Amino acid sequence: MPEITRLSGSREWIDLDFMERERTPEPAMALGIQSHLAGLSLSNTVDLLEALGVQRSRKAIHDWVQKADLQPDSGRSPNQVAVDETVIRINDEQFWLYAAADPATNDLLHVRLFSTTTTSLTEIFLRELRQKHDVETAEFLVDGAQHLQTALQRAGLRFQISRHGNRNAVERIFRELKRRTSSFSNCFSHVEPETAENWLQAFASWHNAPN
């Protein structure tokens with residue numbers, strides 16, 4: 001996997017303040033979180049840590065990712081924002097992942113998981129995006145989904161319908177997410193939607209991290 005080559009990068013984006021009573025050394029914990037988000041299954045991450053002399057369970061690594069509460073950084077001012085949604089399956093049920101990306105950097109700006117897709121939920125997503133980033137003058141790139149267009153119009157945000165070009169930034173990220181979540185089953189099986197959303201936000205934080 002090409003993303004595994006990023007394991008040698010900085011881990012400063014991982015906040016380990018949550019580990020007050022954690023017995024695992026911080027470097028090993030950061031490596032475990034990074035490795036799982038970079039593409040290793042929980043079982044393979046356990047094997048990686050064991051090779052370094054650290055024995056922890058799959059549940060422990062899963063809990064590290066959840067407790068770290070990783071989020072994409074706020075405070076961006078993109079010129080364009082690509083917005084899209086895709087279906088994510090959790091315990092054989094359909095949920096909709098909303099994502100906004102900066103085509104200039106390919107970074108994820110905001111991700112949210114909803115049980116359905118409506119104009120009202122799209123407005124919530126856009127409101128949260130505006131609270132995190134300066135997007136008032138940005139041009140939004142969307143497909144032909146009417147609820148996306150309606151929500152942007154109500155918010156007074158500029159947009160254009162685009163099915164190619166810069167809007168592909170978010171579609172490339174979706175393809176990677178779908179590959180990741182289908183490549184091993186221990187990510188979104190037997191979890192609550194909130195847990196899956198937390199993992200997706202942590203993935204976004206890893207995706208944006210410097211190599």
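User: How many helices and strands does the protein have, and what pattern do they follow along the sequence?
Analyst: The model is predicted. Its secondary structure consists of 7 helices and 5 strands. Read along the sequence, the pattern is α-α-α-β-β-β-α-β-α-β-α-α.

User: What share of the residues in the protein is buried?
Analyst: A residue is called buried when its relative accessible area is under 20%. The protein has 211 residues, and the buried share of them is 55%.

User: Are α2 and α3 roughly parallel or roughly perpendicular?
Analyst: Helix α2 covers residues 42-51 and helix α3 covers residues 58-68. Their axes come within 9 Å and cross at roughly 100°. Angles of 65 to 115 degrees count as roughly perpendicular, so α2 and α3 are roughly perpendicular.

User: Which residues make the contact of α2 with α3, and how do they divide into nonpolar, polar and charged?
Analyst: From α2 come Leu42, Ser43, Thr45, Val46 and Leu49. From α3 come Arg58, Ile61, His62 and Trp64. The residues of this contact divide into 5 nonpolar, 3 polar and 1 charged.

User: Why are the buried residues of α2 on the same side of the helix, and what do they pack against?
Analyst: The buried residues in α2 are Leu42, Thr45, Val46 and Leu49. They are on the same side of α2 because they cover an arc of only 105° around the axis. They pack against α1 (26-38) and α3.

User: Is Leu31 buried or exposed, and which residues is it in contact with beyond its neighbours within four places in sequence?
Analyst: Leu31 lies in helix α1. Its relative accessibility is 13%, so Leu31 counts as buried. Leaving aside neighbours within four places in sequence, its contacts are Arg11, Leu48, Leu49 and Leu52.

User: How far apart are Leu31 and Thr45 in space, C-alpha to C-alpha?
Analyst: Leu31 belongs to α1, and Thr45 is one of the buried residues of α2. In sequence, Leu31 and Thr45 are 14 residues apart. In space, C-alpha to C-alpha, the distance between Leu31 and Thr45 is 8.9 Å.

User: Which residues of α3 and α7 meet, and how many of the residues in this contact are charged?
Analyst: The axes of α3 and α7 (residues 193-208) come within 9 Å and cross at roughly 75°, so the two helices are roughly perpendicular to each other. His62, Val65 and Gln66 in α3 meet Thr195, Asn198, Trp199 and Ala202 in α7. The residues of the contact of α3 with α7 divide into 3 nonpolar, 4 polar and no charged.

User: What is the phi of Asn91, and where is this residue?
Analyst: Most residues other than glycine have a negative phi. Asn91 is not a glycine, yet its phi is positive, about 50°. Asn91 is partly exposed, with a relative accessible area of 36%. Its place is the loop between β1 (80-90) and β2 (93-102).

User: Where is Asn106, and what is its phi?
Analyst: Asn106 is in the loop between β2 and β3 (107-114). At 25% relative accessibility, this residue counts as partly exposed. Although Asn106 is not a glycine, its phi is positive, at about 65°.

Key: Residues are numbered from 1 along each chain as its sequence is written. This is a predicted model: local features need pLDDT of at least 70, side-chain atom pairs count only at pLDDT 80 or more; totals for chains, interfaces and linings use all residues. Side-chain values use heavy atoms; hydrogens and water are left out. Buried means under 20% relative accessible area, exposed over 50%, partly exposed in between (1.4 Å probe, protein chains only). Axes are lines fitted to C-alpha atoms, for helices over the stretch in contact, and angles run from 0 to 180 degrees between N-to-C directions. Angles under 35 degrees count as roughly parallel, over 145 as roughly antiparallel, 65 to 115 as roughly perpendicular and the rest as oblique. Contact means heavy atoms within 4.5 Å. Ala, Val, Leu, Ile, Met, Phe, Trp, Tyr, Cys and Pro count as nonpolar, Asp, Glu, Lys and Arg as charged, and the others, Gly among them, as polar. The arc is that of the directions from the helix axis to the C-beta atoms.
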